Amino acid sequence: MDLFTDRLKELSGDVCFDEPMRKHTTFQAGGPAKVFVTPQTASELASVIRLCREFEKPYFILGNGSNLLVSDEGYEGVVIHVGRAFEDVRVEGSRILAGAGATLSKTAAAARDASLSGLEFASGIPGTVGGALVMNAGAYGGEMAQVVRGVRVLTKDGEEKRLEASELEMGYRKSCILPRGYIVTEAEFLLSRGDKEEIRSRMEELAARRKEKQPLEYASAGSTFKRPEGYFAGKLIMDAGLRGFSVGNACVSEKHCGFVVNRGGASASDILEVCRQVRERVFRKFGVPLELEMRLLGKFEPPFGA
Ligand SMILES: Cc1cc2nc3c(=O)[nH]c(=O)nc-3n(C[C@H](O)[C@H](O)[C@H](O)COP(=O)(O)OP(=O)(O)OC[C@H]3O[C@@H](n4cnc5c(N)ncnc54)[C@H](O)[C@@H]3O)c2cc1C
C-alpha cells in the first residue's frame, strides 16, 4: 500500500480496489477502477477530493453510471461514488431538496406524493440527481433546467458553494458543472402545486411509452448519440440500414435504433466499435456528424479516445 491509499483509508471506511465497473454501469461493461471510494458525508467527499489533488491522482465522480461507458482496461484513477449517503429527499412547501445521489425516480415519487408537479418527465430516467444536472437530462418535453432552482456543489478545491440555476449555463444535454469541475451534493427544485392523481397518471403514461419504445430489457446507456440539430439520431441510423447492426454482443437495438445495447457480455470495445461504424456510415450517407451522448472513462482508441 502506498501513502495515498493509507491516507484515503484513514478518511473513508468504504474504499475498495480493482472494482469491476461493469457492476456500477447500466451498460454492464468495462474493466476495473483502480480505486473505488464511496464517501459517507459531504465533508468526507471534500476531503477525498483534496487528497486526490494533493497526490495528483485523477478522479471521476460516479452517480448511477447510466450515461457512462468504461473502457475494457478500466480506469487507473479514483472513482468517487456519490451514492446512498447522498440520497435524502425532503419536501418543503413547493420545494424539493434532493441529495445528489438520490435517484430521479425517488425524487419524482416524493414530488408526486406531495402533489407537486414538474418532475414527471424525469421519473423514468435511471440516473441520480447529480448526473442529471450535469447533462441537463430531459425527456418528453421536460428537462432539469425547467425545474432546478439552485445546487450545492463542491469546487475542485473541496470548498462548498451554492449556484443559482442561472449560473449553471444549462443547454441541450450540457451545463457548466463538468467543465468547471464542480461536484453536485444537493439540488433544490421548485415545482408547482398539482393534482396527485394527474401527476401519477402522467408518470404511468410516460413509463408505458418508455417500455413500448425503448429496449429496456437490455443493458445500455440510453440514447447513445445526442440529437443532431434538425434530425433524430435513431431515424438517421435506421435509414442508414443499421437496425440490428452488431459487433460481438453489442448491437444497434432492433426496437429503437438510437440505442446501442449490450445483448450480454459485450466488451466496451465492441460497444464503441458499433458506435464508430454507425457514426461513419451515417456521416457518409447523410453528411450529419453524430456526437456521443454518453461519457467515456478510461482509454479508448480515436476517434472517441484521446
Ligand atoms: C434505459 C435508459 C434510459 C435513459 N433515458 C434518458 C432520458 O430519457 N433522458 C436523458 O437525459 N437521459 C437518459 N438516460 C441517460 C442517463 O440516465 C442520464 O444521463 C442520467 O442523468 C445520468 O445520471 P447518472 O447518475 O447515471 O450519471 P453517471 O452516468 O454516473 O455520470 C454521468 C456524468 O455525470 C457526472 N456526475 C455524476 N454525478 C455527479 C455529481 N454528483 N456531481 C458532478 N458530476 C457528476 C459523471 O462524472 C459523468 O460525467 C437513459 C439511460 C438509460 C440506461
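Helices (H or I, at least four residues) and strands (E, at least two) are DSSP runs, numbered from the N terminus.

This is a predicted model, in which local features need pLDDT of at least 70 and side-chain atom pairs count only at pLDDT 80 or more, while totals for chains, interfaces and linings use all residues. Residues are numbered from 1 along each chain as its sequence is written.

The domain assignment of the protein gives domain 1 (3–84), domain 2 (87–212) and domain 3 (215–297), with bounds that come from an automatic or database domain assignment. The centres of domain 2 and domain 3, taken over C-alpha atoms, are separated by 26 Å.

Within the range of domain 1 there are two helices to look at, helix H1 (residues 3–11) and helix H2 (residues 42–54), which pack at an angle of about 170° with their axes 10 Å apart. Axes here are lines fitted to C-alpha atoms, for helices over the stretch in contact, and angles run from 0 to 180 degrees between N-to-C directions. H1 and H2 are therefore roughly antiparallel to each other, a description used for angles over 145 degrees. In this packing, Arg7, Leu8 and Leu11 of H1 meet Glu44, Ser47, Val48 and Leu51 of H2, residues being in contact if their C-beta atoms, placed from the backbone, lie within 7 Å. By class, the contact of H1 with H2 has four nonpolar, one polar and two charged residues; Ala, Val, Leu, Ile, Met, Phe, Trp, Tyr, Cys and Pro count as nonpolar, Asp, Glu, Lys and Arg as charged, and the others, Gly among them, as polar.

We turn next to a run of paired strands. Strand E6 (residues 89–92) is joined by four bridges to strand E7 (residues 95–99), the two running antiparallel, and arginine 90 stands opposite leucine 97 in E7. Two residues lie between the strands of this hairpin, in which glycine 93 takes a positive phi near 65°. E7 in turn is joined to E13 by five bridges, again antiparallel, with glycine 99 opposite glutamate 186 in E13. E13 also runs antiparallel to strand E11 (residues 148–154), through six bridges, and there valine 148 faces phenylalanine 189 of E13. Returning to E11 and E12, the bridge partner of glycine 150 is glutamate 164 in E12, and the hairpin has five residues between its strands, with glycine 158 at a positive phi near 80°.

A separate sheet is open and has four strands in the order E15-E18-E17-E16, with antiparallel pairing. Its edge strands, each pairing on one side only, are strand E15 (219–220) and strand E16 (246–247). Three bridges join strand E17 (residues 250–252) to strand E18 (residues 260–262), and alanine 250 stands opposite asparagine 262 in E18. Helix H7 (residues 268–286) lies across E16, E17 and E18, running at about 30° to E17.

Terms used:
Pairing = 2+ DSSP bridges. Contact = placed C-beta atoms within 7 Å. Parallel < 35°, antiparallel > 145°, perpendicular 65-115°, else oblique.
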